[in-house]
Amino acid sequence: MAGSPHRTLAEKIWDAHVVRSAEGEPDLLYIDLHLLHEVTSPQAFDGLRAASRKVRRPDLTIATEDHNVPTTGITGPGVPLTGPDSPVTDPVSRTQVEALRKNCAEFGIRLHPMGDADQGIVHVIGPQLGLTQPGLTIVCGDSHTSTHGALGALAFGIGTSEVEHVLATQTLPQVRPKTMAITVDGALPEGVTAKDLILAIIAKIGTGGGQGHVLEYRGAAIRALSMAGRLTVCNMSIEAGARAGLVAPDEVTFAYLEGRPHAPSGAAWEAALDYWRTLPTDAGAAFDREVTLDAATLTPYVTWGTNPAQALPLASAVPDPGSFADPATRTAAERALTYMDLKPGTELRDIAVDTVFVGSCTNGRIEDLRAAASVLRGRRVAPSVRMLVVPGSMAVRAQAEREGLDAIFTAAGADWRSAGCSMCLGMNPDKLSPGQRSASTSNRNFEGRQGKGGRTHLVSPEVAAATAVTGHLAAPADL
Amino acid sequence: MEPFVSHSGRAVPLRRSNVDTDQIIPAEYLKRVSRTGFGQGLFAAWREDPSFVLNQPQYAGATILVAGADFGTGSSREHAVWALTDYGFRAVIAPRFGDIFRGNATKAGLLPVVLPEAAVTALQDAVEAEPATEVVVDLDNRVVVAEAAGIKAPFEIDDYTRWRLMEGLDDIGLTLRHVDDITAFEHSRPAFLPVTG
């Protein structure tokens, strides 16, 4: 609550960034880090040029090419964008990437282009470079900016008009959000992952449950998660309608950050640590809403429908739309089952898939690849299945290759790719064809999300790998 | 931004909830580098179905979309707003909106109107019964009126957003009036904060 001596993590970060506050107006919030990619920025730069404005703080801005880039034919730094040797075959994609390069050069913004060792999905490279730090405000023209909240940063997605606003002013007018505590007590059982946890949370509160709120994930099960697991949980906050999700910084956070290229060092590290330790929510601080879950009751979750809240334990059957009391929920379920070509009562484990995708800003980190590889080691991808493994960044790809994970994937019959958003949203050539069905470690099972007419079941990396082996939705314990 | 004071037009009912921005404009249409021309991608997959509501001739030329709850969830793509305005929509009425979509809409001159579920259903019923029903979205008086159908539904919108929309003001211009505050804030930032350069 504003004015209370006891404040939540979100309120502390907010208060520390208010440039200007006036009655009846949104607060003007300072932005510490602005991440850019090629899809949502070109019109913002055009706006700057039209008004003869500059980028106020290029030194707080960083760009990468992730949404459009192909995941094959990336030969290394300097891979050509044009000409017969370019892996980019779609001229419209090429124009968009060219626009980002031109804009970054003109306005003096650091860019990690296709083929660069630090290129990758914008939400994977921020934490990896140590730019994502506790207590920061971070924005990006991408709804999965919520990912960065895993390190205790207030991070949220914005539209292109807001991208232009941040470029020009390094601030954003924002209405103070409400706060929601999501407390997960107990311990996740063996074989249950951060992905299962966030799918269960979204199923519980719904796609609109977090609207207008910042979510703070708390409790023993959250504290026990690795940084990779926390990034997965915060990533999907937007799927529950919340622009931002947060986990309080702790020793896991500090150990993750120490020594990364942009993490403070020496005396600055000590000063930063002192500040970061003041950030966690005060005892006695009040949230506008509180939700609790018991981790011990969770099992692997998968989605059956066309929004991320339409999820159930893998050990369930496709629901009967008639079982939903709310008419809008019932209609949505009927539409979803028609689109997904599923019948009520079908066991989820009996659903056959032809495609498995491991990757994305949700599950494209090294820990996710290790988890998938540990299931695939010594096994084969079913002949009926095409499996794509797309690292979240080129650094993740390099690390996986040092650990020999690429050899496990290729020996199993999976495709080992370069970094990008890839089949999460099908803006590059990695897409589902009409009628194809995937088990995907990404974040959205919307109609056509992975390619027009494609059908998506959201799963964890472990379930994705087991599904690739059996050809139908499965957990590692089923093998 | 084109000012929005009051708009009168015909409405089209979209009886679906959770209309995510991937449905409003699929990713394959996001590759343009301009702000124009996105109307052709509006609801691209759904418009392939001849019976989809936007393909029904009685709703041709409608400028107000009346949709189910949680309209505009998912991706932050402002292209969803540009697709709606490029197609000719000036307002969307729904019981709930995705937060990012709602913010984007008010930046691009598309008015998102939150009405209770019952009022949304009543409007949908009215325009289905008589597609020529005139609907007035009056931002000045914060009310949606369909006089012929006997509907008069007040809505809430904060004073600041209403003022900005009615004046058609550019947010950046407003913020730059306070550039000295921004500079002063920058001088107070701790030295340990990261820079990208």
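Two residues are in contact here if their C-beta atoms, placed from the backbone, lie within 7 Å. With that in hand, let's look at where the chains meet: 66 residues of chain A are in contact with 48 residues of chain B. On chain A's side, the largest share, seven residues, comes from helix α5 (residues 160-169) of chain A. That side of chain A divides into 26 nonpolar, 27 polar and 13 charged residues. Ala, Val, Leu, Ile, Met, Phe, Trp, Tyr, Cys and Pro count as nonpolar, Asp, Glu, Lys and Arg as charged, and the others, Gly among them, as polar.

A quick word on what you're looking at: this is a predicted model, where local features need pLDDT of at least 70 and side-chain atom pairs count only at pLDDT 80 or more, while totals for chains, interfaces and linings use all residues. Residues are numbered from 1 along each chain as its sequence is written, and chains are lettered from A and ligands numbered from 1 in the order in which they are written.

Now for chain B. Its secondary structure comes to eight helices and eight strands; these are DSSP runs numbered from the N terminus, with helices being H or I of at least four residues and strands E of at least two. Here are some overall values.

| Feature of chain B | Value |
|---|---|
| Span of the C-alpha trace along its principal axes | about 65 × 40 × 25 Å |
| Share of its 197 residues that count as buried | 45% |
| Contacts joining residues at least 24 apart, among those between residues at least 6 apart in sequence | 70% |

"Buried" means that 20 or more other C-beta atoms lie within 10 Å of a residue's own, "exposed" means 12 or fewer, and "partly exposed" is in between, with C-beta atoms placed from the backbone. Take helix α4 (residues 99-107) of chain B: nine of its nine residues are buried, including B:Phe101 and B:Lys107. After α4(B) comes B:Gly109, whose phi is positive, near 80°.

What about B:Gln124? This residue lies in helix α5 (residues 117-129) of chain B, and B:Gln124 counts as partly exposed because it has 19 C-beta neighbours inside 10 Å. Not counting residues up to four places away in sequence, B:Gln124 touches B:Pro13, B:Arg15 and B:Val66.

B:Val66 turns up again in the largest nonpolar core, which has 196 residues; B:Val66 is among those with the most contacts inside it, along with A:Leu197, B:Val92 and B:Ile93. Helix α6 (residues 194-205) of chain A gives the most to this core, with eight residues. Such a core is a set of buried Ala, Val, Leu, Ile, Met, Phe, Trp, Tyr and Cys residues joined through C-beta atoms within 7 Å.
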